[in-house]
Amino acid sequence: MNRTALIATAAQVVVVVVGAPLLVGLMRQVRARLEGRAGSGIGQPWRDLRKLLRRAPATPTGTGWAFRLAPPLLLGTSLVLAAAVPLLTTASPLDHAADLFAVVGLLALGTVTLALAALDTGTAFGGMGASREMTILALVEPTILVAVFALSARVGSTNLAEIVATTLHDPLRVASPASLLAAAALVIVVIAETGRLPVDNPATHLELTMIHEAMVLEYAGTDLALIEWASSMRLTILLGLLTSLFLPWGIADASLAALPLALAALVAKAAVLGIGLATVEVFIAKLRLFRVPELLAGSFVLAVLAVASSFFLA
Amino acid sequence: MAVFKLWRKIRQTGRTAEPAPPRPDGGLSCPKAAALRGSVQVRHVDAGSCNGCEIEIGSAFGPVYDAERYGARLVASPRHADALLVTGPVTRNMAVPLRRTFEAVSEPRIVVAVGDCALSAGEFAEGYGVQGTVAEVVPVDVRVPGCPPEPAAIVAALRGLTGR
Amino acid sequence: MNVIASALAAGCVLAAVGVVAAICAPARARAGLVGTATAGIGVAGLVTGVAALSGQVWQARLPGLLPLAGVQIALDPLGGWFVAVTGGVLAAAALYGIGYAGGGHGPSGRGVQAALPVFAVALLLVPAAASASTLLVLWELMALTSLLLVLAEHRARPAVAEAGWWYGALTHVGFVAILLGLVLYAAHAGGDSFAELRAADLSPALQGVVFVLVLGGFGSKAGLVPLHVWLPRAHAEAPSPVSAMLSAAMVNLGVYGVIRVGFDLLGGGARWWWMLVLALGAVSALYGILQAAVAADLKRLLAYSTVENMGLVFLGLGAAGIFQTSGAPTLAALALAAALLHVINHAGFKALLFTAAGSVLRATGTRDLDALGGLRSRMPATTVLFAAGALGAAALPLGNGFVSEWLLLQSLVHAVPAGGVVTAVAMPLAVAVVALTAGLAVATFVKALGVGFFARPRSDPAQTATESPLVMLAAMGLLAAGCIGLALAPAALGPALSRAAATATRAPVDVVGGGVSLRLAGIASTLSPLLITVAVVVAAAGTAALVQLATRRVTRRRAVALWDCGAGPPTARMQYTATSFAEPLQRVFDDVLAPETDVDVTPHAESAYLVARVAYQTRVPDRVEHALYAPVIAAARRLGRLGPVVANGSVHRYLAYGFFGVTGLLLVLAVTR
């Protein structure tokens, strides 16, 4: 573990922490402009967070340690992911935690803490949000792990740094059928995991259509700020993971000199993906809950096809 | 197919939002709004209104007036909110829920009473189901008179909270 | 003398002491004495297992103990692994049982308490058996004593007797299958000791028959679908310390049997065997976790979770066998190591979960998750311990189940496609099954923990619960410490794991190693559970401290009422129940689960249009039981009804049977001479 790796990883965490609300702001602004509105500007989520952090949090009667622990724990898992996933550099000191299965597991752990907090409130909305979130989590797992299989089969390892390094050395692999199919499957996975349209509408007010929002209805002030921040960080990390797996050009190795280029590349790639996601969201509507398994089954078929083509065509 | 048609419509329509009117002078509309600094989350409570004010609030957050550009956003739970937007005279059934909604908001909490019914029970002042005005149930910080008030007035009230 | 020999002898002596204590001691001291003796047996087993895993071997022959064949005992690292796991579980569960039986709650009858030490010693000796007859005798002893233990509370609930019937019938069907397989094997091998069986040379067809029979017998003990139907009943109706021993120690012996016969004695065999094992394991894993996801009875949920975890272990075994027969012994050893690691992880968290469920049952009197809740404030230690077990069972990163699942996935994902098209198709499907199982397990244990322990009590029994006595908490704490150790430092088990796997697959040693992180032979992936845990804890604690510091003067946390949309205080019955939590999953999988609904409308006597009472009942039955067992049982009943027809009491008819029987026999003899 040398000093440059430490500095690069710290830079990575700072970029994610600072840039996540900006990415959400960018997506909201793109959406607003496409809908003909003026939008509140890219910096609005930061203004919201700054204000929320200074408001009093609330502990409803009847809740316990699960409710209290969820916001810092959710943010903690997001910070670990920001340090482990190779966004700016492949030489993270958390390399032994940068296994694709471990990343998937940490994302699931974050979701579980929120679901347990929702059940801890004892309200009907909390239970409903937790129940729906767990159903979607269960149905998304096969797609993720089979897509990981497809990606790691040609590399011989599930370590993220290895996969990025292999893709950097052999760029044409990205255009192979296995890679493209896995990318398509993982895009649907990212949408399901972060609760975007068409799986979940993050801006809805109708409780019966909520999945993620229903779990956080009881949080206020500082707690809510941490949860919103962690959610935007998870979105950023997942979009960054997509770029690292399929568009890794620009990621530095262990040298500090390549960091500015890596930073510019990450910002550009994340911005492009975010704008693309926001644009697509303008054109689609939310699926009803019992149609979501069909969408996830479709993404599973794509992932299985990715594995099959990596075996038979490689 | 539908995607192309929608895309063409977006291109044709362009920007619907009207240019922002000059900022209302007088600074912030209430001292509690100093902590907000450009961002206010609003929870709307219908305490018994005829929905005329709701239509105007819907227009205020719609594409033409676009109250979101000034930092205001509607949220789904009073716990997430800084300000309550209360419409309608307070009916007997809604008095306690309005009070509870107010208490569910964290400090500093702001109440914006929208419409003549919220301010003085308006048309329904003598109704048997009406308990009173909003000020009789929760303390009111900002008043937006009108029956119904124009979306521009609602937007001006929200701008007075965010300072943008 | 040899450590193993002295420890095993100490165990047998303690068993005898325990039986004597059960018969002679007064009722008040009975449970304590027997529990202590059983805990001692457990510790002896742990010592034995650890000694065997560190390389010591021991064998003995006792020709006089069994007529005709004698008893042969030998312990090698593979057997040592299972003895160590069993010993650890027994020690903790017996300690727990001392506290559980006190105060008139648990079983304290003479017969039940006398069966416990004998069961314990039989569990320890099965992996040490070195001949077919020894194995069979010990297996049957284990089955009979466990049957007595399962039936301990039969006077309290009628469901216990039914569970006992199912368990007794199926364990003996399994025993007959193992008996047939091993006897067939021994007959062709010319002797029944494992050494002779290993050296025997059977035709592939005969090997296949033996393997299938043995798989059926041992698989039914481990809970492989479709022979699992006894498991949810027996493990749910047994007293909780016994449930822990059954789920965490006894089912492992089914796995041991398949490894011993399939890998060691038969030497690997044909690939189709292991494809069958893989398929059965995959089906068990999926079916088990689906039933657990929709179960509202806490112990039934845990029992089906055992079916799921054993399914995953068999999936690993199947993969190991496929790799072995395809010529990749290192990969085979890795898959086998994953299966063995999952055995110990499952033993740890399942024993913890069952003991915590037992505490809840003892404190509230109910196992129904729909009636529990709010136990967090009344039983805080039990809640934290259940949460630790649930974290392991859900296979999430900070828990111990994650490590073995990671290892299993690594061995599946890096399968060399030398196995051809079959492997290329089977491995992705296996990964998909493991993934869906993992996702459903997360949902199941969020439900069990969140609905059962958090928020507010849904019924009066949950409201009046009190914390368990210190002895029970100490036992659960030991199990939790074991789970935490397994979660943070699994590489410490690396040498032992490699030795156990190498005994079966005869591969080079050291497939799993490394200090703080897990390093695998032949695969470039590494994992450091300790690093992940420390990172997450530091990040979370740091965040909380930073936020607290930064906002200290500005805000103060306030206690508020729940947000109920202003309408009025939400009652405890407005909370989500376990059934409602699982309803979306039940809907998605209703083709597999086939839930049944009964609506019973009772009209008034005066008019059929006036409804007096409506009763609504919905349940998710075990579909395998309905589809497979009900017809068999119905056919057996029909066959039984033929009895009085054939033997109707008429002397004339019996004389006719005799006459025609003898005449027919004479004719046959005359013709064939």
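## Exercises on a predicted three-chain model

A:A82 is buried, its relative accessible area being 0% (buried means under 20% relative accessible area, exposed over 50%, partly exposed in between, with a 1.4 Å probe and protein chains only). This is a predicted model, in which local features need pLDDT of at least 70, side-chain atom pairs count only at pLDDT 80 or more, and totals for chains, interfaces and linings use all residues. Residues are numbered from 1 along each chain as its sequence is written, chains are lettered from A and ligands numbered from 1 in the order in which they are written, and side-chain values use heavy atoms, with hydrogens and water left out.

**Exercise 1. Find the element that holds A:A82, then list the contacts of A:A82 beyond four places in sequence.**

Step 1. Look in chain A for helix α3, residues 65-84, where A:A82 lies. Helices here are DSSP runs (H or I, at least four residues), numbered from the N terminus.

Step 2. Set aside the neighbours within four places; A:A82 then touches A:Q12, A:V13, A:V16, A:L87 and A:I237. Contact means heavy atoms within 4.5 Å.

Step 3. Now try A:L116, which is 34 residues from A:A82 in sequence and 23 Å away in space, C-alpha to C-alpha.

**Exercise 2. Is C:L593 buried or exposed, and which residues does C:L593 contact?**

Step 1. Go to helix α24 of chain C, residues 590-593, to find C:L593.

Step 2. C:L593 has a relative accessible area of 0%, so it is buried.

Step 3. Beyond four places in sequence, the contacts of C:L593 are C:L290, C:Q291, C:V294, C:Q586, C:V620, C:P621 and C:R623.

Step 4. C:D622 is 29 residues from C:L593 along the chain, and their C-alpha atoms are separated by 7.7 Å.

**Exercise 3. Work out which residues of α19(C) are buried and how they are arranged around the axis.**

Step 1. Helix α19 of chain C (residues 470-488) has 19 residues and spans 26 Å from first C-alpha to last, close to the 27 Å expected at 1.5 Å a residue. The expected span is 1.5 Å times one less than the number of residues.

Step 2. The buried residues of α19(C) are C:M472, C:L473, C:A475, C:M476, C:L479, C:A480, C:C483, C:L486 and C:A487. They cover an arc of only 160 degrees around the axis, which puts them on the same side of α19(C). The arc is that of the directions from the helix axis to the C-beta atoms.

Step 3. Here is a handy rule: an α-helix has 3.6 residues a turn, so residues three or four places apart point the same way.

Step 4. On the face turned away from the buried side, α19(C) carries the exposed residues C:L470 and C:L478.

Step 5. The cover over the buried residues of α19(C) includes α3, α13, α15, α16 and α21 of chain C.

**Exercise 4. Describe the contact between chain A and chain B by area and by salt bridges.**

Step 1. Chain A and chain B bury about 2700 Å² between them, with 49% of it on carbon and sulfur atoms. Buried area is the accessible area (1.4 Å probe) that two parts lose on being put together, summed over both.

Step 2. A:K51, A:R55 and A:F283 supply 24% of the area that chain A buries against chain B, more than any other three residues.

Step 3. Count the salt bridges between chain A and chain B: there are 6. A salt bridge is a side-chain nitrogen of Lys or Arg within 4 Å of a carboxyl oxygen of Asp or Glu.

Step 4. A:D48 and B:R73 form a salt bridge, with the closest N and O atoms 3.6 Å apart.

Terms used: Helix = DSSP H or I, 4+ residues; strand = E, 2+ residues; numbered from the N terminus.
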